[in-house]
Amino acid sequence: MAMLVGKLPGEVQLSEFDFDSMSLPPDPPVSLPSAFVRQRPDIRAAEAMLHKYSAEIGVTTANLYPRITLAGLYGVASSSHDNLLDVRSLIGNVGVGLVQPIFRGGALTAKRRAAIAVYDQALARYCLTILQAFQNVADVMRALEVDPSH
């Protein structure tokens, strides 16, 4: 029950649920749309982790390529306040920087491969979570179907 309300098992007590006031719909649906099952906290958490690890693949891939930075500076400089607003006091500077990952002993490609492996692992957990969620829903639907009190 705790998992279904989005909490850890130790965070909620069964006494917090009023089972007597709960009732089933008169005619439960034969099937439930996937969008309904997707709202479960376990599926949403697995999906968020999948997005996180996907982004990490992008970061590690970007680190393989050179980084170019462009910076600019504009201002005035003068030795006295008399000629501070003079055109000859204006200064400017433009700089371009290039950082190239030259030799890191394959560390960057190893980090990318590791990020892909972690993503694959998260994808497998996500698929398993979805399958378990649909199994839970199917079990409940079946129990409702054969429940003689319904």
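# Exercises on a predicted model

Arg 44 is partly exposed, with a relative accessible area of 43%; buried means under 20% relative accessible area, exposed over 50%, and partly exposed in between, with a 1.4 Å probe and protein chains only. The model is predicted, so local features need pLDDT of at least 70 and side-chain atom pairs count only at pLDDT 80 or more, while totals for chains, interfaces and linings use all residues. Residues are numbered from 1 along each chain as its sequence is written, and side-chain values use heavy atoms, with hydrogens and water left out.

**Exercise 1.** State where Arg 44 is placed and which residues it contacts, leaving aside neighbours within four places in sequence.

*Solution.* Step 1: Arg 44 lies in helix α2; helices are DSSP runs of H or I with at least four residues, strands are runs of E with at least two, and both are numbered from the N terminus. Step 2: with those neighbours set aside, Arg 44 is in contact (heavy atoms within 4.5 Å) with Arg 38 and Gln 39. Step 3: Arg 44 and Leu 123 are separated by 79 residues in sequence and by 13 Å in space, C-alpha to C-alpha.

**Exercise 2.** Determine whether Glu 47 is buried or exposed, and name the residues that it touches.

*Solution.* Step 1: Glu 47 is also found in helix α2. Step 2: its relative accessible area is 14%, so Glu 47 is buried. Step 3: not counting residues up to four places away in sequence, Glu 47 touches Arg 38 and Tyr 126.

**Exercise 3.** Compare the span of helix α3 with its expected value, and find what its buried residues pack against.

*Solution.* Step 1: α3 covers residues 107-146, which is 40 residues. Step 2: the expected span is 1.5 Å times one less than the number of residues; the 58 Å from first to last C-alpha is close to the expected 58 Å. Step 3: the buried residues of α3 include Leu 108, Tyr 126 and Leu 144. Step 4: the buried residues of α3 pack against α1 (34-37) and α2 (41-62).

**Exercise 4.** Describe the order of the elements and the overall spread of the protein.

*Solution.* Step 1: there are three helices and two strands, in the order α-α-β-β-α from the N terminus. Step 2: the radius of gyration is 30 Å, well over the 15 Å that the globule rule gives for 150 residues, so the protein is more spread out than a compact globule; the radius is taken over C-alpha atoms, and the rule is 2.2 Å times the number of residues to the power 0.38. Step 3: the C-alpha atoms fill a box of roughly 95 × 45 × 30 Å along the principal axes. Step 4: of the 150 residues, 17% count as buried.
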